[in-house]
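Open the model in your viewer and keep the selection tool ready. The tour goes stop by stop.

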Amino acid sequence: MESSVIPITNLQLAFTFILILITGGISSFLKLGLLKSLAWGTVRTFVQLTLIGYALTYIFQINNLWLIILIITIMCYIASHAAVKRTPNVSDYPTVLAFLSLVASTYLVGTIVTTLIISPDPWYSARIAIPIFGMILGNSMNGIALSLDRLYLEARARAFEIEAMLTFGATPWEAIQTSVREAIRAGMTPTINSLMVVGLVNLPGMMTGQILGGADPREAVRYQIVVVLMIAAAVAIGCLILVGLSYKKLFNDDGGLQSFVLISRK
């Protein structure tokens, strides 16, 4: 089976503007007001991906463990900021907690995958580690954002129920554990749903990329199985850690609900 990648010339890449024109035409026809965002997003896509392409080429050549750790940690920091900003129902931005949960889940699952499952030589190969950790981070970021937002939403919706349980002697954990379970469930649901239909209604990005690059589809499927399962594990761990650390912020030192729980940011 042919294994070479079909190169895309600059002229062929320029033809992608036809797709942008189609998207812009739809936006203009329906007066969606998205032309400016579409244009800016297109420019950013070309610039950001071109720069990261050169950066990854340099990083892959160096292949230094400490540089890889630094890059992944910075990615965790950026992802934690992006995650907490997607939580309109959260009254404060627990960026530190989000960062800790992403670091723990990403490094734990990513290390298992790179050392035990894929096992490149060396195990921290930048060509393997950075894409793997990046995929874990991208999906965990969405999962923890959903969980955190749902935790605050559930706490507000169940405030009277929680206060009643506290009045009858329940601990904060006993009073809010239903909300915690719902929050973790909300964070994991998109990932679980994707497990149900993967390969049936869509071909995931990594698998598609490998096939386009000339890889054997059977080998690409094996990698994709690893990817979807590692994402599921990372999302579960990330949601569990973040919700487990965040629920205590809903209570004051006396074990009662904080006043901001009843106040919506919207």
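Start by selecting L100, which sits in helix 5 (residues 95-118). Helices here are DSSP runs of H or I with at least four residues, strands are runs of E with at least two, and both are numbered from the N terminus. L100 is partly exposed, at 44% relative accessible area. L13 and L100 are 87 residues apart in sequence, and their C-alpha atoms are 40 Å apart in space.

A word on the model before moving on. This is a predicted model, in which local features need pLDDT of at least 70 and side-chain atom pairs count only at pLDDT 80 or more, while totals for chains, interfaces and linings use all residues. Residues are numbered from 1 along each chain as its sequence is written, and side-chain values use heavy atoms, with hydrogens and water left out.

**Whole chain**

Zoom out and colour by secondary structure. The protein has 10 helices and zero strands. From the N terminus, the order reads α-α-α-α-α-α-α-α-α-α. Along the principal axes, the C-alpha atoms fill a box of roughly 70 × 50 × 35 Å. Of the 266 residues, 33% count as buried.

**Nonpolar patch**

Select L11, F15, I18, L19, I22, I26, F29, L30, L32 and L34. Together they form a nonpolar surface patch with about 1100 Å² of accessible area. Patch members have over 30% relative accessible area and no salt bridge; like charges are joined within 9 Å, and nonpolar side chains (Val, Leu, Ile, Met, Phe, Trp, Tyr) within 5 Å. The areas come from the Shrake-Rupley method with a 1.4 Å probe, and for residues only the protein chains shown count as cover.

Which helix gives the largest share of the nonpolar patch? Helix 2 (residues 17-29) does, with five residues. Click I18, which lies in helix 2. At a relative accessible area of 47%, I18 is partly exposed.

**Largest pocket**

The largest pocket has a volume of about 400 Å³. Helix 6 gives the most, five residues. By class, the lining has 11 nonpolar, three polar and one charged residues.

The terms behind this stop are as follows. On a 1 Å grid over the protein atoms alone, a pocket is an open set of points with protein on both sides within 12 Å along at least five of seven lines, and lining residues have an atom within 4 Å of a point. Points are joined across faces, edges and corners, and the volume is the space filled by probe spheres set on them. Ala, Val, Leu, Ile, Met, Phe, Trp, Tyr, Cys and Pro count as nonpolar, Asp, Glu, Lys and Arg as charged, and the others, Gly among them, as polar.

**Second largest pocket**

Select N139, P190, T191, S194 and I231, the closest to its centre of the 19 residues that line it. Helix 6, helix 8 (172-197), helix 9 and helix 10 (217-246) each supply at least two lining residues. By class, this lining has 10 nonpolar, nine polar and no charged residues.

**Salt bridges**

Turn to the charged side chains. The structure holds six salt bridges. Each is a side-chain nitrogen of Lys or Arg within 4 Å of a carboxyl oxygen of Asp or Glu.

Select E154 and R150. They form a salt bridge, with the closest N and O atoms 3.1 Å apart. The two are four residues apart in helix 6, so about one helical turn separates them. E154 is buried, at 12% relative accessible area, and R150 is partly exposed, at 29%.

Move to helix 8. R185 pairs with E182 in a salt bridge, closest N and O atoms 3.6 Å apart. They are three residues apart in helix 8, so again about one helical turn lies between them. R185 is partly exposed, at 48% relative accessibility.

Finish with R218 and D216. Their salt bridge has its closest N and O atoms 2.8 Å apart. R218 counts as exposed, at 65% relative accessibility, and D216 is partly exposed, at 26% relative accessible area. Last, select R150, E154, R158, E161, E182 and R185, which salt bridges with shared partners join into one network.

Conventions:
Buried < 20%, exposed > 50% of the residue type's maximum accessible area, 1.4 Å probe, protein only. 1 Å grid on protein atoms, 1.4 Å probe; cavity = no way out; pocket = protein on both sides within 12 Å on 5 of 7 lines; lining within 4 Å.
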